[in-house]
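Please take a moment with the sequence and the model before reading on.

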Amino acid sequence: RLYVEMEIIMIIDNVLVYTEDKEFVKGGIVLENDTIKSVYKDSEKIKVDNDEIIDGNGAFAIPGLIDLHFHGCKGDDFCDAGKEAIENIAKYECSVGVTTIAPATMTLPVDELENVLRTAAEYNKTSHGSECADLIGINMEGPFISKVKKGAQDERNIIPCNEQVLERFIKASDGLVKFIGIAPEESDNSIEFIKNVKDKVNVSLAHTNADYDTAMKAFEAGANHAVHLYNAMPPFTHRAPGVVGAVSDSDNVMAEIICDGVHIHPSVVRATFKMMGADRMILISDSMRATGMPDGTYTLGGLDVNVVGKRATLVSDGAIAGSVTNLMDCVRTVVKDMNIPLETAIGCATINPAKSLGVYDKYGSISVGKKADIVLLDRGLELKMVVKDGKIVESN
């Protein structure tokens, strides 16, 4: 047995630690302030005096989840453009084990989007308590999308992709914009746009009616991401594989997938993991403001949405309008109802989004030197504890 003496703030002992190899190893985690100091196996032991030791009772210890595509929760929407709304969203997400967030914008007028982005940048300039998830990026789902596949987006605000407009977005957000979605078939300059901006932001195919060839040209030009695979894009068929087929054939492209039990059939989820490989899949919630709220009528991007149970649909035409399921519940659904292995699901909600966001050096795994954001789950995957910045957070 190895004995280590050091100044320690907290030890989480007797847990199954999720490793960067996407497997669980029995052991513990040493946290010092807001950083992971060390990770040890059960064959090792930490000797300490006067420090807090938490007995995990065999729980799963996983990194805090990272949701890189969602709109809101608990009655608030990221596009409300209020710092208080962002803080409320960040608190709820953290309370359910989503400790890092990159909210998504809707298709709004350019000036309104700039205001949303500016508000987020201002929010990030002030410190927030350990009970708030870290806002590390913004996923722009519009306005450069297709009216044909607009889904719950307001088509009055859809415009062709434009480098100058994107520069305004990046500037207003103080660099927080990490993804810009486009429908490549909608603009003659889309390929040039992708080539010119791909080193500034991740370019994703979003709300697009592109066929296979057009999507492939976009990926070959440097687009590297697909927004909520299968939703708001052409169907994947044997003679017209569309965007899904192009993603499958492009090894450098990451794919978001909503596993709330409403958007995609479990069989399709399983088939997609086999087709793409788990290293390219990113679990997202796409949750709207009704998440964590009772059934009723809410808004998304200025459009009215009816919420009944786990289903959110536009009042106008019945189209699915985002989800009302947080990412932790999506993980439970994909494991319990869709038969995706827990080890795979956790990686797709932590490691993969951290890499896509370019923050894997600090987030996404339980590794020495990274943020002390840890979630404990019991064997039924129910939340036992959230540790954010090395401090225990009150669960929702």
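The residues that line the largest cavity of this predicted model divide into 4 nonpolar, 5 polar and 3 charged. The lining is made up of Pro63, Gly64, Ile66, Thr99 and Thr100, together with Lys362, Tyr363, Gly364, Ser365, Ile366, Lys371 and Asp373. The volume of this largest cavity is about 70 Å³, and the structure holds 1 cavity of 30 Å³ or more.

One of the lining residues, Pro63, leads from the cavity to the strands, for Pro63 has Ile374 in β22 as its bridge partner. Strand β6, which covers residues 52-63, runs antiparallel to β22, and 4 bridges join the two. Which residues of strand β22 (residues 374-377) point one way, and which the other? Ile374 and Leu376 point one way, whereas Val375 and Leu377 point the other way, and all of them are buried.

Strand β22 also pairs with strand β23 (residues 383-388), again in the antiparallel sense and over 4 bridges. Within this pairing, Val375 stands opposite Val386 of β23. The hairpin formed by β22 and β23 has 5 residues between the strands, and in this hairpin Leu381 takes a positive phi near 70°.

The cysteines can be considered next. How many disulfides does a search of the whole structure find? The search finds 0 disulfides, and Cys330, which is in none, has the sulfur of Cys259 as its nearest cysteine sulfur, 6.9 Å away. Cys330 is buried, with a relative accessible area of 1%. For Cys348 the closest cysteine sulfur is likewise that of Cys259, at 8.7 Å, which is too far for a bond, because a disulfide requires a pair of cysteine sulfur atoms within 2.5 Å. Cys348 also counts as buried, at 0% relative accessibility.

Finally, the whole chain can be described. The protein chain contains 10 helices and 24 strands. Its radius of gyration is 21 Å, close to the 21 Å that the globule rule gives for 396 residues, so the chain is as compact as a globular protein of that length. Along its principal axes, the C-alpha trace of the protein chain spans about 65 × 45 × 40 Å. Of the 396 residues in the protein chain, 59% are buried, and the residues of strand β22 described above, including Val375 and Leu377, are buried.

How values were computed: Residues are numbered from 1 along each chain as its sequence is written. This is a predicted model: local features need pLDDT of at least 70, side-chain atom pairs count only at pLDDT 80 or more; totals for chains, interfaces and linings use all residues. Side-chain values use heavy atoms; hydrogens and water are left out. Buried means under 20% relative accessible area, exposed over 50%, partly exposed in between (1.4 Å probe, protein chains only). On a 1 Å grid over the protein atoms alone, a cavity is a set of points where a 1.4 Å probe fits but cannot get out, and a pocket is an open set with protein on both sides within 12 Å along at least five of seven lines; lining residues have an atom within 4 Å of a point. Grid points are joined across faces, edges and corners, and a volume is the space filled by probe spheres set on the points. Ala, Val, Leu, Ile, Met, Phe, Trp, Tyr, Cys and Pro count as nonpolar, Asp, Glu, Lys and Arg as charged, and the others, Gly among them, as polar. Two strands pair if DSSP finds at least two bridges between them. The radius of gyration is taken over C-alpha atoms; the globule rule is 2.2 Å times the number of residues to the power 0.38.
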